[in-house]
Amino acid sequence: MKKLLNFIFFYNTNLLKYNLFNFFYKILISKSKNFVYINDYLKNGIVKISSIDQNKINSINNEIELQKPPIKNFSQVYLINNEIKKNIHSIVNNDLKTVIEELEFYYQSKIKLSWAGITRNHSIQDESEYFSNFFHTDAYVFTMVKFFINLHDVDENSGALELIPKNQKISLIKKMLNEFNTRIDPRIIKNEIKIKKNLGKKGELAIVKTTEYLHRAGNPKKNKTRDMLFLEFVVIPKKQKQTLQNNSLYKTDYEEENNMTKEYSKPSDFKSIYKLFLSYF
């Protein structure tokens, strides 16, 4: 019942304490205006932005094609080597400069690239969850911002990211009354629930509120794949001293774990949440 009430009030499966952090941050700290890029992100949970420099995308694709990572749970994870890292730095500090400045105005603090990853999803051959292909909400406070950059064209057959808009709340609650869980089997979601899909061309960017909207990785059709570059950003507290001359990856970004993201956007208890919240004033 507690989980269901949390879902009814906040329309997601995130933790109640994180939803409360987000609620008060928006009231007391965030500032909005008529932005050029991020209005749809703030209002509808997802915004699509025009293409990244194709030369940078092609360079990243060339690098990952030289790698042969094993397929685990119908997915391949690629190493962010030095050449890919150089392209990511250029994308963040040049192609995304204005977008990042808008997010910094909204959050009223600097944001920092905290993790990057590249995966190729393959078609799942059964009805289990392997690579976040059940609907869920990322368990972080909303000061974690996630970018999705298409490394190839993403169409209906590619397993595009799917997001459930908030105007579908009532219909979804009725379906979930007897089946509520923090991760929702997509078979529960019938045709009458309208879903947004992150379809687009190579190099297109989507910013998605994964901490507040139900979403999932779609399942590619048989013999199809989806290649995606993921970028995570965190809002840096004003009382934290950080090197912010440029948005560059930390040494730990060679690792699979997103440790810096967790440090700034995944507080462990109410005391940590309260301390983190105050640090943004």
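**Figure 1. The loop that holds Asn223.** Asn223 is located in the loop that joins strand 8 (215–216) to strand 9 (225–235). The model shown here and in the following views is predicted. Asn223 is not a glycine, yet its phi is positive, near 70 degrees. Most residues other than glycine have a negative phi. With a relative accessibility of 74%, Asn223 counts as exposed, because exposed residues are those over 50%.

**Figure 2. The loop that holds Ser132.** Ser132 belongs to the loop between strand 3 (111–122) and strand 4 (144–150). Although Ser132 is not a glycine, its phi is positive, at about 60 degrees. The relative accessibility of Ser132 is 30%, and the residue therefore counts as partly exposed.

**Figure 3. The whole chain, for orientation.** The chain contains nine helices and nine strands. Of its 281 residues, 53% are buried. Among contacts between residues at least 6 apart in sequence, 87% join residues at least 24 apart. The chain exposes about 14,000 Å², of which carbon and sulfur atoms supply 51%.

**Figure 4. The pairing of helix 4 with helix 5.** Helix 4 (residues 54–65) and helix 5 (residues 82–95) have axes that come within 9 Å and cross at roughly 160 degrees. Because angles over 145 degrees count as roughly antiparallel, helix 4 is roughly antiparallel to helix 5. The crossing of helix 4 with helix 5 is left-handed. On the side of helix 4, the contact is made by Lys56, Ser59, Ile60, Glu63 and Ile64. Helix 5 contributes Glu83, Ile84, Asn87, Ser90, Ile91, Asn94 and Asp95 to this contact. The residues of the contact between helix 4 and helix 5 comprise four nonpolar, four polar and four charged.

**Figure 5. The pairing of helix 2 with helix 9.** The axes of helix 2 (residues 16–28) and helix 9 (residues 270–278) come within 11 Å, and they cross at roughly 15 degrees. Because angles under 35 degrees count as roughly parallel, helix 2 is roughly parallel to helix 9. Helix 2 and helix 9 cross in a right-handed manner. Lys17, Tyr18, Phe21, Phe24, Tyr25 and Leu28 of helix 2 take part in the contact. Their partners on helix 9 are Phe270, Ile273, Leu276 and Phe277. The residues of this contact between helix 2 and helix 9 divide into nine nonpolar, no polar and one charged.

**Figure 6. Helix 6 and the residue that follows.** Helix 6 spans residues 97–107. Its buried residues are Val99, Ile100, Glu102, Leu103, Glu104, Tyr106 and Tyr107. An α-helix has 3.6 residues a turn, so residues three or four places apart point the same way. After helix 6 comes Gln108, which has a positive phi, near 60 degrees.

**Figure 7. Leu5 in helix 1.** Leu5 is part of helix 1 (residues 2–10). Leu5 has a relative accessibility of 39% and therefore counts as partly exposed. Along the chain, Leu5 and Leu16 are 11 residues apart, and their C-alpha atoms are separated by 9.5 Å.

Conventions:
Residues are numbered from 1 along each chain as its sequence is written. This is a predicted model: local features need pLDDT of at least 70, side-chain atom pairs count only at pLDDT 80 or more; totals for chains, interfaces and linings use all residues. Side-chain values use heavy atoms; hydrogens and water are left out. Helices (H or I, at least four residues) and strands (E, at least two) are DSSP runs, numbered from the N terminus. Buried means under 20% relative accessible area, exposed over 50%, partly exposed in between (1.4 Å probe, protein chains only). Contact means heavy atoms within 4.5 Å. Accessible areas come from the Shrake-Rupley method with a 1.4 Å probe; for residues, only the protein chains shown count as cover. Axes are lines fitted to C-alpha atoms, for helices over the stretch in contact, and angles run from 0 to 180 degrees between N-to-C directions. Angles under 35 degrees count as roughly parallel, over 145 as roughly antiparallel, 65 to 115 as roughly perpendicular and the rest as oblique. A crossing is left-handed if the near helix is turned anticlockwise from the far one by less than a right angle, and right-handed if clockwise. Ala, Val, Leu, Ile, Met, Phe, Trp, Tyr, Cys and Pro count as nonpolar, Asp, Glu, Lys and Arg as charged, and the others, Gly among them, as polar.
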